[in-house]
Amino acid sequence: MVKINSCVFISGKGTNLRELIKSSREYNFPITIKLIISNNEKAKGLVLAKKFSIPFKIVNFKKHLYETKVLNEMRKRNISLICLAGFMKILPKSFLKKFKGKIINIHPSLLPKYKGTKTFERMLKNDEKTAGCSVHFVNEKLDSGKIILKKRFDISSNETIETLKARTQKYEYRAFSEAVTKLYLND
Ligand code: GRF
């Protein structure tokens, strides 16, 4: 099948990236990963880029003209989907405009609840009974774009921040790939 060229943005561990790479190597998965962008040269996820021979760029998002650099790299590879997988920077409005409807993000809560950071801490503090993750389109407002899909599960009585994070991530791995499939195959 002809696959959509995509780019994954990361900042850290890259476990969601790892799962996306796995999926992308399946014949029926609609996207291929042509580029990985990291704002952090120490991001562990970059090891995966090397392991799977995926081109990667480390970009200093504070530097003048960084946006042009990213755009050029994307154009070269004809990228039409951007997956934010643990990417901890806010993308500028001008960039979002150029890729309107083509940037998706994974967030570790059942949006619209718990946007932003420290999601697990806040959930436990509020004695939430249900947790989960959401894959959504990215717009100018933090964690607020249209939701593509969510996965939910029950929080257990002895849950800690660590267990909640680990459990959420397991759901994220399936959610991200399912969301991508939903975008291109179930229209
Ligand atoms: C994920 O839990 C995601 O929800 C959040 O950042 C985390 C990234 O983890 N946005 P990883 O880098 O994919 O391991």
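## Fold and overall dimensions

The model is a predicted one.

The radius of gyration of the protein chain is 16 Å, which agrees with the value near 16 Å that a compact globule of 187 residues would have. The C-alpha trace extends over about 50 × 40 × 30 Å along its principal axes.

## Burial, contacts and surface

Buried residues make up 48% of the 187 residues in the protein chain. Among contacts with a separation of 6 or more, 64% are between residues 24 or more positions apart.

The protein chain has an accessible surface of about 10,500 Å². Carbon and sulfur atoms contribute 51% of this surface.

## Ser-23 in helix H1

Helix H1 covers residues 15-24 and includes Ser-23. The relative accessible area of Ser-23 is 12%, and this residue therefore counts as buried, the cut-off being under 20%.

Leaving aside residues up to four places away in sequence, Ser-23 touches Phe-29 and Ser-177. With Ser-177 there is also a polar contact between the two side chains, at 2.6 Å. As a further distance, the C-alpha atom of Ser-23 is separated by 23 Å from that of Lys-76, a residue 53 positions away along the chain.

## Glu-73 in helix H3

Glu-73 belongs to helix H3, which comprises residues 66-76. Its relative accessibility is 9%, so Glu-73 is classed as buried.

The side chain of Glu-73 forms a polar contact of 2.8 Å with the side chain of Arg-77. When residues up to four places away in sequence are not counted, Glu-73 touches Leu-35 and Lys-57.

## A nonpolar surface patch

On the surface, a nonpolar patch is formed by Met-1, Tyr-27 and Leu-185. Together these residues have about 340 Å² of accessible area.

Leu-185 is located in helix H6, which spans residues 161-185. Leu-185 is partly exposed because its relative accessibility is 44%, a value that falls between the limits of 20% for buried and 50% for exposed residues.

Conventions: Residues numbered from 1 in each chain as written. Predicted model: local features only at pLDDT ≥ 70, side-chain atom pairs only at ≥ 80, totals over all residues. Heavy atoms only, no water. Patch = residues over 30% accessible without salt bridge, like charges linked within 9 Å, V, L, I, M, F, W, Y side chains within 5 Å. Areas by Shrake-Rupley, 256 points an atom, 1.4 Å probe, with all protein chains shown as cover. Salt bridge = Lys/Arg side-chain N within 4 Å of Asp/Glu carboxyl O. Helix = DSSP H or I, 4+ residues; strand = E, 2+ residues; numbered from the N terminus. Buried < 20%, exposed > 50% of the residue type's maximum accessible area, 1.4 Å probe, protein only. Rg over C-alpha atoms; globule rule 2.2 N^0.38 Å. Contact = heavy atoms within 4.5 Å. Polar contact = N/O pair within 3.5 Å; in protein donor to acceptor, adjacent residues only side chain to side chain.
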